[in-house]
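Q: Got a structure to go through, and I'd like each label checked against its cut-offs. Can we take it term by term?

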Amino acid sequence: MSPTADEIDAGQAIYTKATLRTYDLFVLGISNRWIWRCPTSRLLRMYNDDISGNHLEIGVGTGYLLDHCKFPVECPRIGLLDLNATCLQTAARRIARYQPVQFQANVLAPIEIDAPPFDSIGLNFVLHCLPGSLVEKAVVFQNLMPLICPGGTVFGSTLLGAGIQRGWASRRLMTFYNRQRIFSNRDDHLDQLVSALSDHFESHEVEVVGSAALFTARIASQ
């Protein structure tokens, strides 16, 4: 069953101007290190390793990672794609020096944007906010295919609710977020993520860090 508009909206509606002002402190500073046990420095290292000079960021948050990562070129082409207009505006202001282009779209539906494809796509902390099972959410990977160049890379992370060992604080906070419909990952299993990546990409790598699964996947060159 396809998620309703209300279910799709629930995972991103919390990101208002007020909450985004505290996002870097409470999510990137406190939750990542002490609750999810996946420090933001580890996510930043993933960006430094995988990002290209022709990059599309999906689920942009405050733009912190794009602001702090090291692009392989001096003047990268950057696209920002999110359903939440406030997030798009916040991230675009933060990295205005790169003149990013904004796209407002729902990644659970076919994405139609008037832009050339990208060499890398970042999908950080997005999947656990989307409604449905991880098997259903894997349609995101299918929807990204028209947006990425041959040989391109999709990388990111998601918080898992099953198939990994989680601490007490992680279990409690994740349960709360699921009840509030901020997260929808109670049954998201590591094996489901690996299977989805195998189905859509030529090769992939997955590393579990705390409650997070970090992934890098590549499509065929031809």
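Q: What is the phi of R37, the residue that follows α2?
A: R37 comes after α2 and has a positive phi, near 60°. Helices here are DSSP runs (H or I, at least four residues), strands are E runs of at least two, and both are numbered from the N terminus. Bear in mind that this is a predicted model: local features need pLDDT of at least 70, side-chain atom pairs count only at pLDDT 80 or more, and totals for chains, interfaces and linings use all residues. Residues are numbered from 1 along each chain as its sequence is written, and side-chain values use heavy atoms, with hydrogens and water left out.

Q: Why is I30 called partly exposed?
A: Buried means under 20% relative accessible area and exposed over 50%, with partly exposed in between (1.4 Å probe, protein chains only). I30 sits at 34% relative accessibility, so partly exposed it is. Its place is in helix α2, residues 17-35.

Q: Which residues of α2 are buried, and what covers them?
A: L20, Y23, L28, S31 and N32 are the buried ones. Their cover includes α3 (40-50), α4 (64-68), α5 (85-94) and α8 (168-179).

Q: What makes α2 kinked, and where?
A: The bend at a residue is the angle between axes fitted to the seven residues ending there and the seven starting there. In α2 there is a kink of about 55°, centred on Y23.

Q: Which residues is L127 in contact with, leaving aside neighbours within four places in sequence?
A: Contact means heavy atoms within 4.5 Å. For L127 the list is L134, K137, V140, F141, T158, D188, L193 and F215.
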